[in-house]
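Work through the two exercises below with the sequence and the 3D structure at hand. Each task is followed by a solution in steps.

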Amino acid sequence: MEFIKIIFWLSFFLIFYAFIGYGIVAYLLVKIRKKFSETAVPSDSELPSLTLVIPAYNEMDCLAAKVENSLSLLYPSDKIRILFVVEGSTDGSTEYLNTIPGIDQISGPTRRGKIEAINMAMTSITTPIVVFSDANTQLNPEALKMIVRHYQDPTVAAVAGEKRVLMNNEAKATGAGEGIYWKYESFLKKMDSQLQTIVGAAGELFSIRTALFEPVEADTILDDFMISMRFAAQGYRVIYEPGAYASEKPSFSMGDEKKRKVRISEGGFQAMERMKHVLNPFRYGLLTFQYISHRVLRWAVTPFCLPLFFIANFFLLGQHWVYEFLMAAQFGFYMLAFVGAILSDSNLKIKVFFVPYYFCFMHYAVFLGFIKYLKGNPSGIWEKARRA
């Protein structure tokens with residue numbers, strides 16, 4: 001029975017710390033270390049030249065909006081190059097972009113995947129800064145200026161923007177759950193950035209110093225994570241800038257979101273295997289603490305702690321009122337998740353179901369992603385997901 005108690009309380013601690021405790025600890029550490037100071041935006045004459053790279057495979061349904069958005073960004077036209085990578089597209093993307101002045105493109109008959117598109121694009125870039133953005137996102141007008149201001153600090157190798165999921169009052173569980181998740185994730189990224197560095201960037205809006213880029217393996221699934229973590233492991237900082245954001249619609253359905261999450265989970269295990277050296281605190285110090293707390297625990301530990309916590313709790317019933325209370329709390333949480341699952345693709349106004357369902361859904365995707373990772377043969381080519 002003592003062993004079961006150890007399993008119970010260890011699982012409880014790890015789950016609580018990974019999803020709530022680390023946010024509290026990071027917030028307190030930021031407050032203790034120093035007050036965060038803002039970096040001023042350079043004047044237009046001082047802004048560096050940059051290239052905006054947009055991989056876009058068969059994205060004609062959103063390409064016109066992305067072109068319009070890119071051309072309207074508040075950045076000197078003589079200091080920005082807009083480059084679309086549309087290799088393998090069969091929907092007329094190449095022909096359409098040929099009609100737009102001020103747009104460059106890399107095209108070809110073969111689809112090699114996003115990371116290969118990035119590797120290829122980087123060989124043609126001469127500007128000191130590169131900004132990557134997805135074709136299905138819209139950037140706020142000041143995004144580029146907010147990003148480049150951080151490159152005045154020579155220790156900064158990359159700057160990531162914020163991902164925002166567009167929602168309305170009748171959002172499905174798909175969008176509402178994803179939106180709530182990204183709001184909390186944005187808070188953690190802000191704390192990480194102010195503490196030292198973020199541990200993984202969102203590819204919807206991500207920038208790097210061109211001179212520091214090294215090609216990434218062609219089978220890499222989470223290219224944005226690998227690029228940013230390798231910078232951090234070299235001693236550089238990766239900054240989070242919430243004033244630059246990429247807005248996108250949520251997944252069309254939970255089926256589409258499931259494909260995306262399983263793919264991300266598979267990539268997470270792949271990334272942990274390739275970045276296992278960062279787990280050495282004697283070499284990487286604070287970065288190891290951030291990496292384990294924000295990524296490793298969520299990706300590889302808590303998904304397996306959740307069932308252990310529930311099973312151990314069951315065997316401890318009758319030992320103390322605390323176990324009865326926590327079992328009731330777990331049962332209530334999973335019942336809300338069950339109702340959320342039934343209504344997952346419906347328009348809902350009762351958001352109490354969103355968080356429990358999306359929480360369980362994400363961890364289910366982790367198990368599927370882990371199984372997929374164990375099977376091997378990863379590919380850098382993503383299956384296109386539908387958006388609402």
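Helices (H or I, at least four residues) and strands (E, at least two) are DSSP runs, numbered from the N terminus. The model is predicted: local features need pLDDT of at least 70, side-chain atom pairs count only at pLDDT 80 or more, and totals for chains, interfaces and linings use all residues. Residues are numbered from 1 along each chain as its sequence is written, and side-chain values use heavy atoms, with hydrogens and water left out.

**Exercise 1.** Find which helices each supply at least two residues of the lining of the second largest pocket.

Solution. A pocket is an open set of points on a 1 Å grid over the protein atoms alone, where a 1.4 Å probe fits, with protein on both sides within 12 Å along at least five of seven lines; lining residues have an atom within 4 Å of a point.
- The helices are α1 (2–33), α6 (173–195), α10 (286–315), α11 (321–342) and α12 (354–375).

**Exercise 2.** Determine whether the residues of strand β7 (residues 205–209) are buried or exposed, and name the bridge partners of Phe206.

Solution. Buried means under 20% relative accessible area and exposed over 50% (1.4 Å probe, protein chains only).
- Five of the five residues of β7 are buried, so the strand is largely enclosed by the rest of the structure.
- On one side lie Leu205, Ser207 and Arg209, and on the other Phe206 and Ile208.
- Two strands pair if DSSP finds at least two bridges between them. Strand β4 (residues 129–133) pairs antiparallel with β7 over five bridges, and Phe132 has Phe206 as its partner.
- Strand β6 (residues 156–165) runs antiparallel to β7 with three bridges; here Ala160 stands opposite Phe206.
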